[in-house]
Amino acid sequence: MLRIVVAALLAPVLALTVAQQLVSDGPWWLELSRYLPYPLLVAPAVVALLLSLRLGWRWRGAGVATIALFATVAMGLVWNADPDAPAVDVRFMTYNVKALLAIERPGGLAALAAEVEQHHPDIVAMQDSSPLMRGRDPARPGPMFGLPVVHRESQYVIASRWPLRDCATGRADAGGETLLFARCSVERPGGAFELVDVHLESPRRGLVAARKEGIDGIDLWASNHAGRLAQARALAAVLKTNARPLVLGGDLNAPDSSAVIQSLLAVGLRDAFASGGRGYGYTYGHTLRARFSFLRIDHVLVSGDVEVVRAFVGGKDASEHRPVIADLRFPRR
């Protein structure tokens, strides 16, 4: 009977680990599982391991192996080689700064500035950031975070060391609704590249509905996921025709294994943290009830001709989201 119980506890954890990797756009419960705190998902395997202490070594090994598989594959562990001081062309940062919350919080703006400035980015692409432009002349906004060139498009603010040209509001038709994003050409001395700053639909409403309403909230969750996926596919259709090197930064509100991210990777983009990061790279969750980051939903994506030297995430104190920083090299002209 104990063996049956242990097997019954391990099986769903194994099945979920495999399903999350093999099925990018699955049923509602699979998509929902991508957003749940990992201790909840791996708990059955931990219980199984404790129970297996009364069984043979094979059962204990099965428990350890299941937990290890979950901790690496399902939790998105990456471990790229640490480069030996290579030359870097651009340090790029994407950051959902939640500027309105920062303004209302004592010392909030100073904390944002400190977080950005400690990483010394050449460019920072921000989301939920328009309040940072209060009191600034849009035509001559002045420097921000020590970066001389500042441009705003809707909720997006881009601060750059180099001139920004042809900035505009990008538009992608997502199932009858229009996704708006910022798009600029960065006139870097070593060669220009295209910059996209984007914020996809938040999963918050769907997750709250599923948590509070149970089965009655599933339709809202499914609709929420479908809307975000439609936005990603519409954006991918726009970006796949881009001819110049491309760097996309944004709060994409989806983990790597989701169809949302996979649809963007399918047009030739690569995730910077997956290519050059170490660890889990979680950017969100530390202000929720869990009090620790457990989701990687903020991303830097680059076109195939851009080399990722390294990527890492920043601190948790200044915003609900940690920033993602990527050191990049571009093709020589």
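A residue counts as buried when its relative accessible area is under 20%, and as partly exposed when the value lies between that and 50%. Keep that cut-off in mind as we walk through this predicted model, starting with a pair of cysteines. Cys184 has a relative accessible area of 0%, so Cys184 is buried. Cys167 comes out at 22% relative accessibility and is therefore partly exposed.

The structure holds 1 disulfide, and Cys167 and Cys184 form it, with 2.0 Å between their sulfur atoms. The link ties together distant parts of the chain, 17 residues apart: Cys167 belongs to strand β6 (residues 164-174), while Cys184 belongs to strand β7. If you like torsions, the value about the S-S bond is 120°, and the link of Cys167 and Cys184 is right-handed.

From Cys184 we can follow the chain onward. Strand β7 spans residues 177-186 and pairs with β8 in the antiparallel sense, over 5 bridges. Within that pairing, Ser185 stands opposite Glu194 of β8. The two strands make a hairpin with 6 residues between them, and in the turn Gly191 has a positive phi of about 140°.

Now for β8 itself, residues 193-199, where 7 of 7 residues are buried. Phe193, Leu195, Asp197 and His199 point one way from the strand, whereas Glu194, Val196 and Val198 point the other way. Which strand does β8 run parallel to? That is β9, residues 246-251, joined to β8 by 6 bridges. There, Val198 has Gly250 of β9 as its bridge partner. So β8 has antiparallel pairing with β7 and parallel pairing with β9.

Terms used. Residues are numbered from 1 along each chain as its sequence is written. This is a predicted model: local features need pLDDT of at least 70, side-chain atom pairs count only at pLDDT 80 or more; totals for chains, interfaces and linings use all residues. Side-chain values use heavy atoms; hydrogens and water are left out. Buried means under 20% relative accessible area, exposed over 50%, partly exposed in between (1.4 Å probe, protein chains only). Helices (H or I, at least four residues) and strands (E, at least two) are DSSP runs, numbered from the N terminus. A disulfide is a pair of cysteine sulfur atoms within 2.5 Å.
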